[in-house]
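I opened the notebook to record a few look-ups in one model.

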Amino acid sequence: MMKPLAFAVLCLPVSVHAASVGAEVPFTTLEAEKASTKAAVVTLQGLPGKVVTPEMEASGRGYVELKATGDAVVFPVKARANSIVIRHCIPDAPEGGGLEATLSLFINGAFSESLTLSSRHNWLYGEEGQNGQSNTPGQAPHVFWEESRHILKQQIKPGDRIELRRQEKDAAAFYRIDLIDLELAPPPLPQPANSLSVVDFGANGTDGKDDTDAIIACIREAKAQRKVVWIPAGTYHQSKRFELEGPVKVHGAGMWHTSILGTVLGEDFASNMGFRLAGDGAEVADLYLECIAQTQRGKSNGKGFTGATPVNWTVRNVWITHTQTGFWMSVASKGKVQGCRVRFTYADGINLNRGASHNLVEHCHVRGCGDDGIAILSETERKDPPAERNILRNNTVEAVWWGHNLDLAGGSKHLVENNLLADNAMMGVFTINMTSAYPNHPLSDSIVRGNTLLRGGGNYVGQRRGAAWIFAGNDTVKGVVFENNRILSPMYSGIQITGGAEQQILFRGNTIDSPGGSAVHITDQAKGTGIFEGNTISGLPEGKEAFNNTSKGYTVTNR
């Protein structure tokens, strides 16, 4: 007979996590619903329903709405900053396609500037509870949140107050503010030694014309001369993907200064923007990638990065937004993705797939994706070998509107550690997902440890998924260790175990605090064994069980 899991009374502040968890970032995030307000504060009440709402998609499950003239939200400044990112929602145009409106920014009570916000890329529509991608109003809306970034006209310092206030000239019907990021954006980087500038090949970062051919010519010549491609500060327009065939390095002046804007939607998988990495030693660093073409049914916004068997590749300090995916790295090996920001992709943020092995993703900040935030996808369809020995560590993945924050789907010997996974509109924030929708190699001999799962779980088609959703569907999960993870304020269960394939997992030293339902939910279809060792549960709701095991084929051992 199963023994109950050990209980302890804990006092865990759910909004604070250990310094070693999540990405190290140069900005400070301030949540609007925790700031001083002269406006309505909207937070998620009760448990998530099937109908998606702005507060379900919001970071922290709450936001502030500015509707009347004079409504405002005021943030205390904690560090010097000269830039702001606003995660916001203004209305869609009546016929769809978005609109623009200004919002006034005050510093220490004095007007500073008007910031232009847009709803061009959010407000998608479709069947209720599904990931609709239509721009035309009529069906259920979702994707309420957008982000805009701005260099401030005046620098702010600790002790200042920065205020977003609706004035009479700010004409949108409402302004919903989820959060802001404040950052001291560094000056542009200098041109590196032994490099060729794209400007010398005809690129112009100020005239608004297409720069694709000039940059391609520079890439070609830099490869021949074994030099670095230099893209100085400016805004460059791209209409064809850049091909980096092995030891070619492309450097910009920094993610706040060198912008590459994709202008053309595409028909194929990778589309017409970003970089395709191949061969040995490709590298891209210090720039900003965005697709400015609006999504359309049957068209692709492109991918920031794709891979065709690259080895020893690196992408560092790159900011990606409004693309289909940030990274789609197929059969990629010995690569590094470091210090990148991926915001508002229509599908996955960072996906290592088709046998991708020995790769490292660390200190990346991913927010507001339309599918998995970070994923390892070890597919069998193309007869690729299993993905092996990938490391996902010290990343932050927040406010995913579809998919999971972090998805471990097959392969072996992976390490997932010290990631912060928070707030998911529909599903769990961590998953082992062995689904028949894309058959994978079995998952084996992998470690998931030291992660913080905050406010995880969602009501996808009535499933009420746990913060950690472990689904052994089409294939087995064996030799996995899930240890020393903190699962804080999950919407439903902390850990949910399901799926009809055999699974063998050791759950050791985990904390589940204040779940909305059972701490551990093992469904009737689950098969296999779970060893639970030294785990702690606190804040269990009245009438809820530590273990809710309705399976006859899943054996629980406590020790």
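**Entry on Glu 417.** I looked up Glu 417 in this predicted model and found a relative accessibility of 12%. Buried means under 20%, so I put Glu 417 down as buried. I then found Glu 417 in strand 35, which covers residues 415-417. Leaving out residues up to four places away in sequence, I listed what Glu 417 touches: Leu 392, Arg 393, Asn 394, Arg 449 and Asn 451.

**Entry on cysteines.** I looked for disulfides next. A disulfide is a covalent bond between the sulfur atoms of two cysteines. The rule asks for two cysteine sulfur atoms within 2.5 Å, and by this rule I counted zero disulfides. For Cys 340, the nearest cysteine sulfur is that of Cys 364, 4.7 Å away, and Cys 340 is in no disulfide. I noted Cys 340 as buried because its relative accessibility is 1%. Cys 364 is buried too, with a relative accessible area of 0%.

In soluble globular proteins, nonpolar side chains tend to be buried together. I found that the largest nonpolar core has 85 residues, and that Phe 275, Leu 277, Phe 305, Phe 327 and Ile 495 touch the most other members. Helix 2 (residues 212-225) gives this core its largest share, five residues. I followed Phe 305 and, beyond its neighbours within four places in sequence, found contacts including Val 284, Leu 289, Gly 326 and Trp 328. I also recorded a second, separate core of 27 residues, with Ala 32, Phe 75, Val 77 and Ile 86 among them.

Conventions. Residues are numbered from 1 along each chain as its sequence is written. This is a predicted model: local features need pLDDT of at least 70, side-chain atom pairs count only at pLDDT 80 or more; totals for chains, interfaces and linings use all residues. Side-chain values use heavy atoms; hydrogens and water are left out. Helices (H or I, at least four residues) and strands (E, at least two) are DSSP runs, numbered from the N terminus. Buried means under 20% relative accessible area, exposed over 50%, partly exposed in between (1.4 Å probe, protein chains only). Contact means heavy atoms within 4.5 Å. A nonpolar core is a set of buried Ala, Val, Leu, Ile, Met, Phe, Trp, Tyr and Cys residues joined through side-chain atoms within 4.5 Å.
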